[in-house]
Amino acid sequence: MTMQPFWGGKAMMCFDEWNSCILNNCGHYYSKPVKNTRKPVGIFSLRRRHGVDIADMQCEIDQIERLRAGIRRDDHEYMFLLMQKSGEMRVAHNGRDEVLTAGDSLLMDSTRTAELRFDGKAASFLSVHLPRSLCLAGRGTSPMTGRRVERSHPLRPSLDALMHGEGPGDSQADYLFDFIAMMFRPEDRAGDASAFRDRHGRFRYICDTIERHVSDSDFSVERLAGLVHMSRRQLQRDFRDNGTTFTRVLCEARMKLVASHLRRAARLKQRPAISDLAYQAGFSDLSHFNRSFRQIYDLSPGGYYDDHLQSLIEH
């Protein structure tokens, strides 16, 4: 009789089962097995803390890719906090190539392509799924993505405590996002959109800047132009070339922020005051907010919350 391989006391999955867990819980990240092998490849488990999902992964595969096709297929956007537990993981992301070893961390943006290489060697890591809009809202700068934070970083022990403490950690739920902003604070940047060599990168930066300022109810295209060092005419041209407008992008960013709060509140089993969420996201007119939300999500904000709460109960 063939014995099922074990790792850390848990039975290992075949590649198809492991890959299905990635697709169902992390989004369209495409895994590749080691060629010419049919042995079990790893373990995947999911838990919830601070109102976010934490995937605990162990694997012996070739690589995981995030392609533009996968980015287009996913409904929700995340910052994935990768925390290496054992082995090595080579990460190519946001113009950088890093090698993570035990104790290292890296923040990965689901709106950008990525490659995670293991080359068939055993490795284990955590992937903390942080709603992207909650990471950006109200921040002066976007968190640093694609760059390794070493195990010796002074905040690493506190990060471990946040991720591995007992219980749901609801009392520290909001603190988590401030903590991530501190730990992954970027180096000083000029904030000049013209520094981007391609239009896609420039427009992504413009949209990120909008997401960081959605809570400002008076945020305007003139204010945006000053922040990204572009003229209003240049900005309008970029929005037009991407088939949208400043007003539409701002409204959709505010909707994403409210929706992220509602999904997370459902995970925490908390009933939020939806009007408070709308005002925090920069809306001053609740009727406009409700109409806009329904246009995007085909549900009222309350119905959207109830729908996600029910799906969590069913699963």
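## Aspartate 74

In this predicted model, aspartate 74 has a relative accessible area of 18% and is therefore buried, the cut-off being under 20%. Aspartate 74 is placed in the loop that runs between helix 2 (68-73) and strand 7 (78-86).

The side chain of aspartate 74 makes a polar contact of 2.7 Å with the side chain of histidine 28. When residues up to four places away in sequence are not counted, aspartate 74 touches Gly27, His28 and Arg66.

In soluble globular proteins, nonpolar side chains tend to be buried together. The largest nonpolar core in this model holds 57 residues, and those touching the most other members are Leu81, Leu130, Ile210, Leu224, Leu235 and Phe239. Helix 9 (residues 246-267) supplies the largest share of this core, with 12 residues. This core lies between domain 1 (15-186) and domain 2 (198-314), because both domains give residues to it.

Isoleucine 210 is in contact with Phe219, Leu224, Phe239, Phe246, Val249, Leu250 and Ala253, its neighbours within four places in sequence being left aside. Another core, of 27 residues, lies apart from the largest one; its members include Phe44, Cys59, Met89 and Leu106.

## Alanine 181

Alanine 181 belongs to helix 5 (residues 173-183). Its relative accessibility is 24%, so alanine 181 counts as partly exposed. Between alanine 181 and proline 143, the separation is 38 residues in sequence and 5.8 Å in space, taken from C-alpha to C-alpha.

Key:
Residues are numbered from 1 along each chain as its sequence is written. This is a predicted model: local features need pLDDT of at least 70, side-chain atom pairs count only at pLDDT 80 or more; totals for chains, interfaces and linings use all residues. Side-chain values use heavy atoms; hydrogens and water are left out. A nonpolar core is a set of buried Ala, Val, Leu, Ile, Met, Phe, Trp, Tyr and Cys residues joined through side-chain atoms within 4.5 Å. Buried means under 20% relative accessible area, exposed over 50%, partly exposed in between (1.4 Å probe, protein chains only). Helices (H or I, at least four residues) and strands (E, at least two) are DSSP runs, numbered from the N terminus. Domain bounds come from an automatic or database domain assignment. Contact means heavy atoms within 4.5 Å. A polar contact is a pair of N or O atoms within 3.5 Å; within protein, one must be able to donate a hydrogen and the other to accept it, and residues adjacent in sequence count only if both atoms are side-chain atoms.
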